Amino acid sequence: MSKPEATSKTKEKSDVSQYDAYFEMIQSRKKLSSSLQEKLTAAFARIPVSSFPQVPRGKVIEVLADMSIGDAVKVLSESNIISAPVRNPNAGDSMDWKERYLGILDYSTIVLWVLETADVAAAALTATSATAAGLGAGTAGALGALALGATGPVAAAGLTAAAVGAAVAGGVAAEKGIGKDAPTAADELGEDFYKVILQEEPFKSTQVKSIVKSYRWAPYIPVTTDSSMLSVLLLLSKYRLRNVPVIEPGNPLIKNFITQSAVVKGLEQCKGRDWFDSITTNRITELGLPFVSKDQVISCQSNELILEAFKKMKENHIGGLPVVEGPTKKIVGNVSIKDIRFLLLKRKIFTNFRHLTTKDFMNTIATTSEDTKKVVSPITCKLESTLGEVISILSSKSVHRIYVVGDGNDVIGIITLRDVISCFITEPPNYVTEFLGPAAKEMLTKGAE
(Lines give C-alpha, C1' and ligand atoms only; values in the text may rest on other atoms or scores of the structure.)
Protein backbone atom coordinates (compact mmCIF):
# COMPACT_ATOMS: atom_id res chain seq x y z
CA MET A 1 0.00 0.00 0.00
CA SER A 2 2.90 2.35 0.64
CA LYS A 3 4.10 2.39 -2.96
CA PRO A 4 0.82 3.59 -4.50
CA GLU A 5 0.58 6.31 -1.86
CA ALA A 6 4.09 7.51 -2.68
CA THR A 7 3.21 7.55 -6.37
CA SER A 8 0.10 9.62 -5.65
CA LYS A 9 2.06 12.20 -3.70
CA THR A 10 4.67 12.43 -6.41
CA LYS A 11 1.99 12.98 -9.04
CA GLU A 12 0.30 15.62 -6.90
CA LYS A 13 3.51 17.60 -6.49
CA SER A 14 4.27 17.27 -10.19
CA ASP A 15 0.83 18.47 -11.26
CA VAL A 16 0.73 21.41 -8.84
CA SER A 17 4.22 22.45 -9.89
CA GLN A 18 2.91 22.78 -13.45
CA TYR A 19 0.92 25.82 -12.34
CA ASP A 20 4.15 27.52 -11.31
CA ALA A 21 6.00 26.38 -14.42
CA TYR A 22 3.28 27.78 -16.69
CA PHE A 23 3.20 31.14 -14.95
CA GLU A 24 6.97 31.45 -14.70
CA MET A 25 7.21 30.79 -18.43
CA ILE A 26 4.73 33.57 -19.14
CA GLN A 27 6.47 36.10 -16.93
CA SER A 28 9.84 35.32 -18.52
CA ARG A 29 8.48 35.79 -22.06
CA LYS A 30 6.51 39.00 -21.52
CA LYS A 31 8.52 41.98 -22.71
CA LEU A 32 6.97 44.38 -20.24
CA SER A 33 8.77 46.42 -17.61
CA SER A 34 8.62 44.94 -14.11
CA SER A 35 7.28 48.25 -12.78
CA LEU A 36 4.30 48.14 -15.16
CA GLN A 37 3.51 44.55 -14.26
CA GLU A 38 3.70 45.32 -10.56
CA LYS A 39 1.41 48.35 -10.95
CA LEU A 40 -1.19 46.32 -12.82
CA THR A 41 -1.08 43.50 -10.28
CA ALA A 42 -1.44 45.98 -7.43
CA ALA A 43 -4.36 47.67 -9.20
CA PHE A 44 -6.27 44.39 -9.64
CA ALA A 45 -5.55 43.57 -5.99
CA ARG A 46 -7.43 46.76 -4.99
CA ILE A 47 -10.53 46.03 -7.11
CA PRO A 48 -13.18 44.14 -5.07
CA VAL A 49 -14.99 41.19 -6.61
CA SER A 50 -18.28 42.90 -5.72
CA SER A 51 -17.61 45.46 -8.48
CA PHE A 52 -17.66 42.82 -11.22
CA PRO A 53 -20.87 42.81 -13.31
CA GLN A 54 -23.54 40.29 -12.38
CA VAL A 55 -24.38 37.30 -14.57
CA PRO A 56 -27.16 37.83 -17.15
CA ARG A 57 -30.56 38.31 -15.50
CA GLY A 58 -28.74 38.56 -12.17
CA LYS A 59 -29.28 34.88 -11.41
CA VAL A 60 -26.71 32.10 -11.34
CA ILE A 61 -27.93 28.93 -13.09
CA GLU A 62 -27.48 25.93 -10.82
CA VAL A 63 -27.87 22.20 -11.35
CA LEU A 64 -29.25 20.01 -8.59
CA ALA A 65 -27.14 17.03 -7.61
CA ASP A 66 -30.12 14.66 -7.93
CA MET A 67 -30.98 15.85 -11.45
CA SER A 68 -30.54 13.33 -14.28
CA ILE A 69 -27.67 13.78 -16.74
CA GLY A 70 -30.09 14.29 -19.62
CA ASP A 71 -31.98 17.04 -17.79
CA ALA A 72 -28.71 18.72 -16.78
CA VAL A 73 -27.56 18.80 -20.40
CA LYS A 74 -30.83 20.46 -21.36
CA VAL A 75 -30.29 23.12 -18.68
CA LEU A 76 -26.78 23.91 -19.94
CA SER A 77 -27.89 23.98 -23.56
CA GLU A 78 -31.04 26.04 -23.07
CA SER A 79 -29.17 28.54 -20.88
CA ASN A 80 -26.31 28.69 -23.42
CA ILE A 81 -23.68 28.04 -20.75
CA ILE A 82 -20.89 25.47 -20.61
CA SER A 83 -20.88 24.90 -16.86
CA ALA A 84 -22.94 25.30 -13.69
CA PRO A 85 -22.41 24.75 -9.97
CA VAL A 86 -23.93 21.58 -8.55
CA ARG A 87 -26.02 22.18 -5.42
CA ASN A 88 -26.56 19.45 -2.87
CA PRO A 89 -30.30 19.35 -2.03
CA ASN A 90 -29.50 17.34 1.11
CA ALA A 91 -27.32 20.07 2.61
CA GLY A 92 -30.33 21.75 4.20
CA ASP A 93 -29.43 25.04 5.87
CA SER A 94 -25.72 24.27 6.14
CA MET A 95 -23.56 27.40 6.03
CA ASP A 96 -20.50 25.47 4.84
CA TRP A 97 -19.95 25.96 1.10
CA LYS A 98 -18.07 22.64 0.94
CA GLU A 99 -21.31 20.88 1.96
CA ARG A 100 -23.67 23.15 0.04
CA TYR A 101 -22.03 22.61 -3.36
CA LEU A 102 -20.48 19.40 -4.69
CA GLY A 103 -18.56 20.83 -7.62
CA ILE A 104 -18.93 22.26 -11.11
CA LEU A 105 -20.66 20.34 -13.89
CA ASP A 106 -19.37 21.19 -17.35
CA TYR A 107 -19.27 19.60 -20.75
CA SER A 108 -15.79 18.22 -20.01
CA THR A 109 -17.25 16.07 -17.26
CA ILE A 110 -20.11 14.93 -19.46
CA VAL A 111 -17.71 13.97 -22.28
CA LEU A 112 -15.92 11.53 -19.99
CA TRP A 113 -19.18 10.01 -18.87
CA VAL A 114 -20.60 9.65 -22.37
CA LEU A 115 -17.48 8.02 -23.78
CA GLU A 116 -17.22 5.45 -21.00
CA THR A 117 -20.91 4.63 -20.69
CA ALA A 118 -21.27 4.24 -24.44
CA ASP A 119 -18.53 1.60 -24.37
CA VAL A 120 -20.08 -0.15 -21.38
CA ALA A 121 -23.49 -0.28 -23.01
CA ALA A 122 -22.01 -1.54 -26.24
CA ALA A 123 -20.23 -4.33 -24.38
CA ALA A 124 -23.47 -5.28 -22.67
CA LEU A 125 -25.21 -5.75 -26.00
CA THR A 126 -23.29 -9.01 -26.44
CA ALA A 127 -25.27 -10.43 -23.53
CA THR A 128 -27.75 -12.37 -25.68
CA SER A 129 -25.17 -14.67 -27.20
CA ALA A 130 -23.56 -15.22 -23.81
CA THR A 131 -26.95 -16.03 -22.26
CA ALA A 132 -27.50 -18.66 -24.94
CA ALA A 133 -24.19 -20.20 -23.89
CA GLY A 134 -25.42 -20.59 -20.34
CA LEU A 135 -24.26 -17.30 -18.76
CA GLY A 136 -26.56 -14.84 -17.05
CA ALA A 137 -27.13 -11.50 -18.75
CA GLY A 138 -25.57 -9.65 -15.82
CA THR A 139 -22.46 -11.81 -15.93
CA ALA A 140 -22.11 -11.31 -19.66
CA GLY A 141 -22.37 -7.55 -19.26
CA ALA A 142 -19.73 -7.59 -16.57
CA LEU A 143 -17.40 -9.66 -18.72
CA GLY A 144 -17.87 -7.24 -21.58
CA ALA A 145 -16.99 -4.32 -19.34
CA LEU A 146 -13.86 -6.02 -18.09
CA ALA A 147 -12.76 -6.64 -21.65
CA LEU A 148 -13.04 -2.90 -22.31
CA GLY A 149 -11.34 -1.95 -19.07
CA ALA A 150 -14.48 -0.17 -17.88
CA THR A 151 -13.77 0.11 -14.18
CA GLY A 152 -13.36 2.81 -11.54
CA PRO A 153 -15.53 5.83 -12.39
CA VAL A 154 -18.07 3.70 -14.21
CA ALA A 155 -18.73 1.61 -11.13
CA ALA A 156 -18.68 4.70 -8.91
CA ALA A 157 -21.40 6.28 -11.04
CA GLY A 158 -23.58 3.21 -10.70
CA LEU A 159 -23.26 2.45 -14.39
CA THR A 160 -22.52 -1.23 -13.93
CA ALA A 161 -22.25 -3.28 -17.07
CA ALA A 162 -24.16 -6.04 -15.32
CA ALA A 163 -27.22 -3.83 -14.99
CA VAL A 164 -26.93 -2.72 -18.59
CA GLY A 165 -26.58 -6.30 -19.70
CA ALA A 166 -29.73 -7.29 -17.88
CA ALA A 167 -31.70 -4.35 -19.30
CA VAL A 168 -30.56 -4.87 -22.85
CA ALA A 169 -30.71 -8.65 -22.94
CA GLY A 170 -34.21 -8.59 -21.50
CA GLY A 171 -35.40 -5.90 -23.87
CA VAL A 172 -34.55 -4.48 -27.24
CA ALA A 173 -31.38 -6.50 -27.91
CA ALA A 174 -33.19 -9.77 -27.37
CA GLU A 175 -35.99 -8.67 -29.67
CA LYS A 176 -33.54 -7.95 -32.47
CA GLY A 177 -31.55 -11.13 -31.87
CA ILE A 178 -28.25 -9.33 -31.67
CA GLY A 179 -25.34 -11.40 -30.45
CA LYS A 180 -22.32 -9.84 -32.17
CA ASP A 181 -19.25 -7.90 -31.16
CA ALA A 182 -19.99 -4.80 -29.06
CA PRO A 183 -19.48 -2.03 -31.67
CA THR A 184 -21.47 -3.92 -34.31
CA ALA A 185 -24.26 -4.57 -31.83
CA ALA A 186 -24.43 -0.90 -30.94
CA ASP A 187 -24.53 0.14 -34.59
CA GLU A 188 -27.29 -2.27 -35.52
CA LEU A 189 -29.44 -1.15 -32.63
CA GLY A 190 -29.45 2.32 -34.17
CA GLU A 191 -31.84 4.59 -32.33
CA ASP A 192 -32.52 1.90 -29.77
CA PHE A 193 -28.91 2.21 -28.65
CA TYR A 194 -29.61 5.87 -27.92
CA LYS A 195 -32.58 4.79 -25.81
CA VAL A 196 -30.37 2.44 -23.82
CA ILE A 197 -27.91 5.23 -23.06
CA LEU A 198 -30.28 7.99 -22.01
CA GLN A 199 -33.79 6.60 -21.74
CA GLU A 200 -33.45 3.17 -20.14
CA GLU A 201 -32.13 2.00 -16.80
CA PRO A 202 -29.68 2.43 -15.23
CA PHE A 203 -28.75 5.41 -17.40
CA LYS A 204 -32.10 7.11 -17.09
CA SER A 205 -31.65 7.30 -13.32
CA THR A 206 -27.99 8.37 -13.33
CA GLN A 207 -27.71 11.58 -11.36
CA VAL A 208 -25.35 14.50 -11.69
CA LYS A 209 -23.77 13.88 -8.28
CA SER A 210 -22.49 10.50 -9.46
CA ILE A 211 -20.34 11.84 -12.27
CA VAL A 212 -19.29 15.10 -10.59
CA LYS A 213 -17.57 13.10 -7.87
CA SER A 214 -16.03 10.58 -10.26
CA TYR A 215 -14.88 12.84 -13.09
CA ARG A 216 -13.77 15.91 -11.21
CA TRP A 217 -12.11 18.31 -13.61
CA ALA A 218 -13.25 21.62 -12.18
CA PRO A 219 -12.87 22.06 -8.41
CA TYR A 220 -15.42 24.26 -6.67
CA ILE A 221 -13.44 27.19 -5.24
CA PRO A 222 -15.51 30.25 -4.34
CA VAL A 223 -14.25 33.73 -3.50
CA THR A 224 -16.13 36.24 -1.37
CA THR A 225 -17.51 39.56 -2.54
CA ASP A 226 -14.81 41.38 -0.57
CA SER A 227 -12.00 39.39 -2.21
CA SER A 228 -9.86 41.07 -4.85
CA MET A 229 -10.15 40.59 -8.58
CA LEU A 230 -6.50 39.53 -8.53
CA SER A 231 -7.60 36.34 -6.75
CA VAL A 232 -10.14 35.66 -9.48
CA LEU A 233 -7.69 36.38 -12.31
CA LEU A 234 -5.10 34.04 -10.80
CA LEU A 235 -7.65 31.24 -10.39
CA LEU A 236 -8.80 31.68 -13.99
CA SER A 237 -5.30 31.84 -15.45
CA LYS A 238 -2.50 30.26 -13.49
CA TYR A 239 -4.70 27.71 -11.72
CA ARG A 240 -6.72 26.72 -14.81
CA LEU A 241 -10.22 27.23 -13.46
CA ARG A 242 -12.77 28.10 -16.13
CA ASN A 243 -15.11 29.77 -13.66
CA VAL A 244 -15.14 31.12 -10.11
CA PRO A 245 -18.29 31.23 -7.91
CA VAL A 246 -18.76 34.34 -5.75
CA ILE A 247 -20.34 34.16 -2.29
CA GLU A 248 -20.84 36.65 0.52
CA PRO A 249 -18.69 36.28 3.64
CA GLY A 250 -20.33 33.72 5.92
CA ASN A 251 -23.02 32.85 3.37
CA PRO A 252 -22.58 29.85 1.05
CA LEU A 253 -25.22 30.91 -1.51
CA ILE A 254 -23.74 31.94 -4.85
CA LYS A 255 -24.14 35.64 -5.69
CA ASN A 256 -22.21 35.68 -8.94
CA PHE A 257 -20.32 33.36 -11.29
CA ILE A 258 -17.23 34.81 -13.00
CA THR A 259 -15.96 33.03 -16.09
CA GLN A 260 -12.83 33.44 -18.21
CA SER A 261 -15.01 34.72 -21.03
CA ALA A 262 -16.68 37.34 -18.83
CA VAL A 263 -13.28 38.65 -17.68
CA VAL A 264 -11.97 39.00 -21.23
CA LYS A 265 -15.18 40.80 -22.24
CA GLY A 266 -14.60 43.12 -19.29
CA LEU A 267 -11.03 43.79 -20.41
CA GLU A 268 -12.30 44.64 -23.90
CA GLN A 269 -14.34 47.47 -22.38
CA CYS A 270 -11.17 49.02 -21.00
CA LYS A 271 -9.98 49.94 -24.50
CA GLY A 272 -8.66 53.51 -24.53
CA ARG A 273 -7.33 53.48 -20.98
CA ASP A 274 -3.60 54.04 -20.70
CA TRP A 275 -2.84 50.90 -18.69
CA PHE A 276 -4.80 48.72 -21.10
CA ASP A 277 -3.39 50.25 -24.27
CA SER A 278 0.17 50.04 -22.93
CA ILE A 279 -0.15 46.25 -23.11
CA THR A 280 -2.64 45.58 -25.87
CA THR A 281 -0.95 47.68 -28.55
CA ASN A 282 1.91 45.19 -28.46
CA ARG A 283 2.03 42.43 -31.03
CA ILE A 284 1.30 39.04 -29.55
CA THR A 285 4.88 37.92 -30.20
CA GLU A 286 6.11 40.77 -28.00
CA LEU A 287 4.18 39.24 -25.12
CA GLY A 288 5.53 35.77 -25.78
CA LEU A 289 2.29 34.58 -27.38
CA PRO A 290 1.30 32.04 -28.46
CA PHE A 291 2.25 30.09 -25.35
CA VAL A 292 1.10 26.91 -27.12
CA SER A 293 3.60 26.57 -29.97
CA LYS A 294 3.25 24.75 -33.28
CA ASP A 295 4.76 21.48 -32.06
CA GLN A 296 2.46 21.50 -29.00
CA VAL A 297 -0.80 21.98 -30.90
CA ILE A 298 -3.17 19.03 -30.54
CA SER A 299 -5.38 18.78 -33.60
CA CYS A 300 -7.48 16.30 -35.51
CA GLN A 301 -7.71 15.65 -39.24
CA SER A 302 -11.09 16.30 -40.83
CA ASN A 303 -11.37 12.62 -41.85
CA GLU A 304 -10.76 11.37 -38.29
CA LEU A 305 -13.75 10.13 -36.31
CA ILE A 306 -15.41 12.70 -34.07
CA LEU A 307 -15.10 10.10 -31.31
CA GLU A 308 -11.31 10.38 -31.58
CA ALA A 309 -11.50 14.19 -31.37
CA PHE A 310 -13.44 14.02 -28.10
CA LYS A 311 -11.04 11.38 -26.76
CA LYS A 312 -8.11 13.72 -27.47
CA MET A 313 -9.82 16.45 -25.47
CA LYS A 314 -10.46 13.98 -22.67
CA GLU A 315 -6.90 12.66 -22.57
CA ASN A 316 -5.25 16.09 -22.76
CA HIS A 317 -7.74 18.00 -20.57
CA ILE A 318 -8.36 20.65 -23.22
CA GLY A 319 -11.58 22.37 -24.17
CA GLY A 320 -11.26 22.29 -27.95
CA LEU A 321 -8.98 21.61 -30.88
CA PRO A 322 -8.52 22.69 -34.50
CA VAL A 323 -9.74 20.53 -37.35
CA VAL A 324 -7.06 20.39 -40.04
CA GLU A 325 -6.40 18.84 -43.43
CA GLY A 326 -3.26 17.58 -45.13
CA PRO A 327 0.36 17.35 -43.98
CA THR A 328 0.60 21.13 -43.56
CA LYS A 329 -2.32 21.05 -41.11
CA LYS A 330 -4.35 23.71 -42.85
CA ILE A 331 -7.15 24.69 -40.52
CA VAL A 332 -10.70 24.07 -41.76
CA GLY A 333 -12.70 24.15 -38.55
CA ASN A 334 -12.87 23.83 -34.79
CA VAL A 335 -14.42 21.29 -32.42
CA SER A 336 -15.25 22.35 -28.87
CA ILE A 337 -15.99 20.33 -25.77
CA LYS A 338 -19.34 22.14 -25.76
CA ASP A 339 -20.26 20.31 -28.96
CA ILE A 340 -20.80 17.13 -26.96
CA ARG A 341 -24.34 18.41 -26.38
CA PHE A 342 -25.14 17.57 -30.00
CA LEU A 343 -24.41 13.91 -29.27
CA LEU A 344 -26.85 13.97 -26.39
CA LEU A 345 -29.60 16.19 -27.76
CA LYS A 346 -29.56 15.17 -31.42
CA ARG A 347 -30.49 11.48 -31.64
CA LYS A 348 -29.45 11.18 -35.29
CA ILE A 349 -25.90 12.29 -34.48
CA PHE A 350 -25.60 10.13 -31.39
CA THR A 351 -26.68 6.91 -33.07
CA ASN A 352 -24.00 7.35 -35.73
CA PHE A 353 -21.16 8.84 -33.72
CA ARG A 354 -18.99 5.73 -33.96
CA HIS A 355 -18.71 6.23 -37.73
CA LEU A 356 -19.09 10.02 -38.02
CA THR A 357 -16.00 11.89 -39.23
CA THR A 358 -15.12 15.22 -37.71
CA LYS A 359 -15.91 16.96 -41.00
CA ASP A 360 -19.34 15.34 -41.24
CA PHE A 361 -19.96 16.16 -37.60
CA MET A 362 -19.25 19.85 -38.25
CA ASN A 363 -21.52 19.80 -41.30
CA THR A 364 -24.30 18.17 -39.29
CA ILE A 365 -24.00 20.77 -36.55
CA ALA A 366 -24.14 23.53 -39.17
CA THR A 367 -27.51 22.26 -40.41
CA THR A 368 -28.94 22.84 -36.93
CA SER A 369 -28.10 26.55 -37.11
CA GLU A 370 -30.91 28.76 -38.37
CA ASP A 371 -28.45 31.57 -39.07
CA THR A 372 -25.78 30.17 -41.38
CA LYS A 373 -26.69 26.68 -42.59
CA LYS A 374 -22.98 26.17 -43.21
CA VAL A 375 -19.82 25.34 -41.30
CA VAL A 376 -18.62 28.37 -39.36
CA SER A 377 -15.07 29.38 -40.27
CA PRO A 378 -12.49 28.86 -37.52
CA ILE A 379 -11.41 31.95 -35.58
CA THR A 380 -7.80 32.83 -36.45
CA CYS A 381 -5.18 35.55 -36.19
CA LYS A 382 -1.62 36.16 -37.42
CA LEU A 383 1.66 36.55 -35.58
CA GLU A 384 1.53 40.23 -36.53
CA SER A 385 -1.78 40.71 -34.69
CA THR A 386 -1.82 42.83 -31.53
CA LEU A 387 -3.12 41.59 -28.20
CA GLY A 388 -5.89 44.18 -28.48
CA GLU A 389 -7.05 42.70 -31.77
CA VAL A 390 -7.04 39.21 -30.27
CA ILE A 391 -9.07 40.34 -27.25
CA SER A 392 -11.56 42.09 -29.53
CA ILE A 393 -12.06 38.90 -31.59
CA LEU A 394 -12.37 36.63 -28.55
CA SER A 395 -14.89 39.01 -27.00
CA SER A 396 -17.03 39.69 -30.06
CA LYS A 397 -17.12 36.05 -31.20
CA SER A 398 -17.64 34.65 -27.67
CA VAL A 399 -15.06 31.91 -28.24
CA HIS A 400 -12.54 30.40 -25.84
CA ARG A 401 -9.55 30.14 -28.15
CA ILE A 402 -8.10 31.68 -31.27
CA TYR A 403 -5.75 29.87 -33.63
CA VAL A 404 -2.57 31.54 -34.82
CA VAL A 405 -1.98 30.66 -38.47
CA GLY A 406 0.83 31.07 -40.95
CA ASP A 407 0.65 32.28 -44.55
CA GLY A 408 -0.71 28.91 -45.70
CA ASN A 409 -3.43 28.98 -43.03
CA ASP A 410 -1.56 26.25 -41.15
CA VAL A 411 -1.92 26.24 -37.37
CA ILE A 412 1.26 27.44 -35.68
CA GLY A 413 -0.12 28.21 -32.23
CA ILE A 414 -3.15 28.66 -29.99
CA ILE A 415 -4.13 31.53 -27.70
CA THR A 416 -6.74 30.79 -25.04
CA LEU A 417 -8.70 33.02 -22.69
CA ARG A 418 -6.43 31.78 -19.93
CA ASP A 419 -3.37 32.99 -21.81
CA VAL A 420 -4.85 36.45 -22.37
CA ILE A 421 -5.69 36.92 -18.70
CA SER A 422 -2.20 35.79 -17.72
CA CYS A 423 -0.66 38.66 -19.69
CA PHE A 424 -2.08 41.24 -17.29
CA ILE A 425 -0.95 39.96 -13.91
CA THR A 426 1.83 38.46 -11.83
CA GLU A 427 1.48 36.57 -8.57
CA PRO A 428 2.76 38.08 -5.31
CA PRO A 429 4.80 35.69 -3.11
CA ASN A 430 2.71 33.21 -1.07
CA TYR A 431 -0.48 34.74 -2.45
CA VAL A 432 -2.53 31.53 -2.60
CA THR A 433 -1.93 30.67 1.04
CA GLU A 434 -2.24 34.18 2.43
CA PHE A 435 -5.14 35.58 0.41
CA LEU A 436 -7.08 32.58 -0.91
CA GLY A 437 -6.67 30.54 2.25
CA PRO A 438 -5.76 26.91 2.99
CA ALA A 439 -9.15 25.59 1.85
CA ALA A 440 -8.60 26.96 -1.65
CA LYS A 441 -5.09 25.53 -1.78
CA GLU A 442 -6.42 22.13 -0.72
CA MET A 443 -9.10 22.18 -3.43
CA LEU A 444 -6.57 23.23 -6.09
CA THR A 445 -4.41 20.30 -5.08
CA LYS A 446 -7.38 17.93 -5.37
CA GLY A 447 -8.25 19.40 -8.74
CA ALA A 448 -4.78 18.53 -10.01
CA GLU A 449 -5.10 14.87 -9.05
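**Note on the salt bridges**

1. Glu-268 is classed as buried, its relative accessibility being 18%; buried stands for under 20% relative accessible area, exposed for over 50%, and partly exposed for the range in between (1.4 Å probe, protein chains only). The side chain of Glu-268 meets that of Lys-271 in a salt bridge, at 3.4 Å from N to O. The term salt bridge denotes a side-chain nitrogen of Lys or Arg within 4 Å of a carboxyl oxygen of Asp or Glu.

2. The model is predicted: local features need pLDDT of at least 70, side-chain atom pairs count only at pLDDT 80 or more, and totals for chains, interfaces and linings use all residues. Residues are numbered from 1 along each chain as its sequence is written, and side-chain values use heavy atoms, with hydrogens and water left out.

3. The structure contains 9 salt bridges in total. Among the residues involved, Asp-20, Lys-238 and Glu-427 are joined in a salt-bridge network.

4. A further salt bridge pairs Lys-294 with Asp-410, with 3.6 Å between the closest N and O atoms. Because Lys-294 sits in the loop between strands E7 (292-293) and E8 (300-301), and Asp-410 in the loop between strands E12 (401-405) and E13 (411-416), the pair ties together parts 116 residues apart in sequence. Strands (E) are DSSP runs of at least two residues, numbered from the N terminus. Lys-294 is partly exposed at 49% relative accessible area, whereas Asp-410 is buried at 13%.

5. Lys-98 and Asp-96 also form a salt bridge through their side chains (3.5 Å, N to O). Lys-98 is partly exposed, with 44% relative accessibility; Asp-96 is likewise partly exposed, with 27%.

Key:
Helices (H or I, at least four residues) and strands (E, at least two) are DSSP runs, numbered from the N terminus.
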